[in-house]
Amino acid sequence: MADRPHPHQLQVHPQQRYEGGFKAGQRGDGGGPSKGKILAVATLLPVGGSLLGLSGLTLAASLLGLAVATPIFLLCSPVLVPAALVAGLVLAGFFTSGLFGLTGLTSLSWVMKYFRQAGPPQLDEAKRRMQDVAVTVGQKTKEVGEAIQQKAKEAGK
């Protein structure tokens, strides 16, 4: 009973060891990175460095432009702040209306797809339910109309 494993125990049998880092590539399979990797690093290193340099120049130009334009912004702020606020609200309204339209189109598309997939028995059931609702609403409307006429006759006497 002691040498039988319990059903809730997990037995792990490792298949291979991880030697880590560059040791895995030094087993005698050519040693070192492949020519493709060397070519990729040699190509991408100057491209990455130049893009990093351009991003630094862009940041410096942005900070310099902000330092020069800040006094102008402060002098014109009674005009610029409301204009920026109105422009932001207009853009927010435009994007919101677009999202509402997209949501509506998506909903209509989903409903059309649902009704196309629904077979005739489901459509017949839906029609029957709609007719039942229409009859119920008509009945209630008639009862309310009769009650109003009744009260009008009582008020007239």
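Reply: Reading along the sequence, you get α-α-α: the protein chain has 3 helices and 0 strands. Helices here are DSSP runs of H or I with at least four residues, strands are runs of E with at least two, and both are numbered from the N terminus. This is a predicted model, so local features need pLDDT of at least 70 and side-chain atom pairs count only at pLDDT 80 or more, while totals for chains, interfaces and linings use all residues. Residues are numbered from 1 along each chain as its sequence is written, and side-chain values use heavy atoms, with hydrogens and water left out.

On to the pairing. Searching the whole structure turns up 2 salt bridges, each meaning a side-chain nitrogen of Lys or Arg within 4 Å of a carboxyl oxygen of Asp or Glu. One joins the side chains of Arg128 and Glu125, at 3.4 Å from N to O. Both residues sit in helix α3 (residues 120-156), 3 residues apart, or about one turn of the helix. In the other, Arg129 pairs with Glu125, with 3.3 Å between the closest N and O atoms. Arg129 and Glu125 are 4 residues apart in helix α3, again about one helical turn. Through shared partners, the salt bridges tie Glu125, Arg128 and Arg129 into one network.

Buried means under 20%, exposed over 50%, and partly exposed in between (1.4 Å probe, protein chains only). As for the whole protein chain, 1% of its 157 residues count as buried. The chain exposes about 14,800 Å², with carbon and sulfur atoms supplying 69% of that; the areas are Shrake-Rupley values with a 1.4 Å probe.

For context elsewhere, helix α1 (residues 35-75) has 41 residues and reaches 60 Å from first C-alpha to last, close to the 60 Å expected at 1.5 Å a residue, where the expected span is 1.5 Å times one less than the number of residues.
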